[in-house]
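Here are my notes for your first look at this model. Keep the viewer open and follow the numbered points one by one.

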Amino acid sequence: MIHEPLHPGEIIKALCVEATGLNVTEAARRLGVDRTTFSRLINGHAGISPEMAIRLSIALTKPATMWMNLQRDYDLYKAEKKK
């Protein structure tokens, strides 16, 4: 049985906030996004857009495709579970 994947925002929260000691406002500022946008993402209320994936790839030196794949896998799991 495949386990439910984490929402990508949980991973981002761990890397951008918890691991660095930054607060949400400062992490959002460093990514160049609005605090509300970042907060919605790390709290699982929004997904990773292609633009956000690029910002994350620059900030965290991980490829944008990795972030998009995490979002895709999460979305696909949720859609399959609804069916």
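What covers the buried residues of α4? Have a guess, then read on; point 4 has the reply.

1. Some ground rules. This is a predicted model, where local features need pLDDT of at least 70 and side-chain atom pairs count only at pLDDT 80 or more, while totals for chains, interfaces and linings use all residues. Residues are numbered from 1 along each chain as its sequence is written, and side-chain values use heavy atoms, with hydrogens and water left out.

2. The overall picture. You'll find five helices and zero strands in the chain, in the order α-α-α-α-α along the sequence. The radius of gyration is 13 Å, close to the 12 Å that the globule rule gives for 83 residues, so the chain is as compact as a globular protein of that length. Helices here are DSSP runs of H or I with at least four residues, strands are E runs of at least two, and both are numbered from the N terminus. The radius is taken over C-alpha atoms, and the rule is 2.2 Å times the number of residues to the power 0.38. Along the principal axes, the C-alpha atoms fill a box of roughly 40 × 20 × 20 Å.

3. Of the 83 residues, 31% count as buried (under 20% relative accessible area; exposed is over 50%, partly exposed is in between, with a 1.4 Å probe and protein chains only). As for contacts (heavy atoms within 4.5 Å), take those between residues at least 6 apart in sequence: 50% of them join residues at least 24 apart.

4. Helix α4, residues 50–60. Its buried residues are M52, A53, L56, S57 and L60. Looking down the axis of α4, they fall within an arc of 140°, so they line one face of the helix (the arc is that of the directions from the helix axis to the C-beta atoms). E51 and I58, on the other side, are exposed. And the reply to the opening question: the cover over the buried residues of α4 includes α1, α2, α3 and α5.

5. Zoom in on S57. This α4 residue is buried, with a relative accessible area of 18%. Leaving aside neighbours within four places in sequence, S57 touches K62, P63, A64 and W67. A79 is another matter: S57 and A79 are 22 residues apart in sequence, and their C-alpha atoms are 26 Å apart in space.

6. Which residue follows α4 with a positive phi? That's T61, with phi near 50°. Most residues other than glycine have a negative phi, so do have a look at this spot. T61 sits in the loop between α4 and α5 (64–82) and counts as exposed, at 68% relative accessibility.

7. Helix α3, residues 35–42. Here F38, S39, L41 and I42 are buried. Down the axis of α3 they fall within an arc of 160°, so they line one face of the helix. They pack against α1 (8–18), α2 (24–31) and α4.
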